[in-house]
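Let's take a walk through this one, contact by contact. Have the sequence and the 3D view open as you read.

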Amino acid sequence: MSLETLGPDCGVGDILTVIKRDGACIVADVLSSETLAGLDEGVAPLIERTALGRLEWAGRKTKRTSGLIALCPPCRPIVTHPLVLGAANEFLRPYCEKIQLNLTQLITILPGQGAQPLHRDRFVWGGGGDGFEGAGTLPKHIEPQFNAIWALTDFTAENGATQVVPGSNEWDFARETEPDEVVQAEMTRGSVLLYTGSVIHGGGENRSAAPRIGMTFTYSLAWLRQEENQFLSCPLDVAKELPPDLTDLLGYTVGNFSLGFCMTPAMWEAGVDLMLPEYALGRRPRRPAAAD
Ligand SMILES: O=C(O)CCC(=O)C(=O)O
Ligand SMILES: [Fe+2]
């Protein structure tokens with residue numbers, strides 16, 4: 001078993017075909033060398049200043065840098081990359097009216113870091129197994145999440161390329177993974193691993209002498225709580241300067257109908273009568289809301 005790797009000219013439909021079957025696929029060589037150079041410049045000082053993980057599960061020789069929308073301007077256009085955002089929208093559309101940005105994180109796996117326990121990301125919303133035991137979960141037929149991990153270094157079997165269990169998105173949650181069912185997402189720098197919230201995966205062991213750097217942006221149904229609180233990670237004063245396609249993804253818009261309406265003190269003072277988050281950014285909503 002292996003992960004299917006699509007070329008950079010693939011379309012959303014090609015991605016969806018593989019993702020629905022395997023729960024994951026790689027799109028090779030998506031980012032240009034100029035884009036990668038800009039990202040390197042933006043992320044290097046952030047990674048430098050990020051502390052090592054404090055929990056075994058997250059990795060004590062792993063650095064996790066979140067808050068990327070506010071902290072790292074070169075990351076912003078990657079979040080709205082048309083191919084990945086198109087695939088995220090298409091994959092999640094059966095379960096929602098809108099999608100949102102769920103989490104931003106640089107994952108720097110340093111030499112000597114062991115493999116992360118295998119897991120399903122969807123269990124952040126509750127559910128069984130793999131370290132996320134808890135009461136309640138989303139019904140299995142709802143796909144809550146679509147993920148991208150962009151390779152900022154090559155991802156190799158030695159340096160901790162993400163481990164993935166293709167097809168496990170269809171498994172019963174209780175089924176155990178056999179070692180020969182695990183493959184690694186080996187890919188060149190500038191490629192992206194796409195995978196669903198339901199597929200079993202985890203960071204790989206870094207047996208090399210250099211860090212493995214992944215930049216992950218995950219997307220979820222806009223009616224779910226975001227894993228990373230984007231309103232605190234990217235507060236109003238920063239969000240005001242960002243393009244609407246990005247602020248919509250952060251959640252500075254309603255999730256549907258009235259979901260996520262607001263009345264800030266400034267909106268109150270200004271006598272704004274439509275309680276839509278766009279007004280908090282000093283903008284008019286792009287589309288009239290159903291609540292008008
Ligand atoms: O770093 C990776 O390759 C995957 C990390 C991951 O799955 C996670 O932190 O949830
Ligand atoms: Fe994960």
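## A word before starting

Keep in mind that you are looking at a predicted model. The distances and areas below are computed from its atoms, with hydrogens and water left out of the side-chain values.

Which side chains hold it?

## Aromatic pairs

Next, the rings. A pair of aromatic rings is described by how far apart the centres are and by the angle between the planes. The count here comes to three aromatic pairs. One of them is phenylalanine 123 with phenylalanine 173: the centres are 5.1 Å apart and the planes sit at 80°, so this pair is edge-to-face. Phenylalanine 123 is in the loop between strand 4 (99-109) and strand 5 (145-151), and phenylalanine 173 is in the loop between strand 6 (163-164) and strand 7 (183-184), so the pair ties together parts that are 50 residues apart in sequence. Phenylalanine 123 is buried, at 2% relative accessible area, whereas phenylalanine 173 is partly exposed, at 24%.

Another pair joins phenylalanine 231 and tyrosine 252. Their ring centres are 5.1 Å apart with the planes at 85°, so this pair is edge-to-face as well. Phenylalanine 231 belongs to helix 6 (residues 230-233) and tyrosine 252 to the loop between helix 8 and helix 9, so the pair links parts 21 residues apart in sequence. Here phenylalanine 231 is partly exposed, with a relative accessible area of 36%, and tyrosine 252 counts as buried at 6%.

## Charges over rings

Phenylalanine 173 turns up again in a contact with a charge: the charged end of lysine 140 sits over its ring, 5.3 Å from the centre.

## Salt bridges

Side chains of opposite charge can pair when their charged atoms come close. How many salt bridges does a search of the whole structure find? It turns up seven. Among them is arginine 21 with aspartate 22, where the closest N and O atoms are 2.9 Å apart. Glu4 joins in as well, and Glu4, Arg21 and Asp22 are linked in a network of salt bridges. Within it, arginine 21 is partly exposed at 45% relative accessible area, while aspartate 22 is buried at 11%.

Arginine 93 and glutamate 90 form another bridge, with their closest N and O atoms 3.1 Å apart. Arginine 93 is exposed, with a relative accessible area of 52%, and glutamate 90 is partly exposed at 34%. Glutamate 205 and arginine 207 also meet in a salt bridge, at 3.8 Å from N to O. Glutamate 205 has 36% relative accessibility and counts as partly exposed.

## A nonpolar patch

Over on the surface, Phe261, Met263, Trp268 and Met275 form a nonpolar patch with about 450 Å² of accessible area together. Methionine 263 lies in the loop between helix 8 (244-250) and helix 9 (265-270). Why does methionine 263 count as partly exposed? Its relative accessibility is 32%, and partly exposed covers the range between under 20% (buried) and over 50% (exposed).

## One more loop

Last stop: threonine 153, in the loop between strand 5 and strand 6. With 18% relative accessibility, threonine 153 counts as buried, because the cut-off for buried is under 20%. Threonine 153 and leucine 193 are 40 residues apart in sequence, and their C-alpha atoms are 13 Å apart in space.

Terms used. Residues numbered from 1 in each chain as written. Chains lettered and ligands numbered in written order. Predicted model: local features only at pLDDT ≥ 70, side-chain atom pairs only at ≥ 80, totals over all residues. Patch = residues over 30% accessible without salt bridge, like charges linked within 9 Å, V, L, I, M, F, W, Y side chains within 5 Å. Areas by Shrake-Rupley, 256 points an atom, 1.4 Å probe, with all protein chains shown as cover. Salt bridge = Lys/Arg side-chain N within 4 Å of Asp/Glu carboxyl O. Helix = DSSP H or I, 4+ residues; strand = E, 2+ residues; numbered from the N terminus. Buried < 20%, exposed > 50% of the residue type's maximum accessible area, 1.4 Å probe, protein only. Phe/Tyr/Trp six-rings, centres within 6.5 Å; stacked < 30°, edge-to-face > 60°. Lys NZ or Arg CZ within 6 Å of the ring centre and 35° of its normal.
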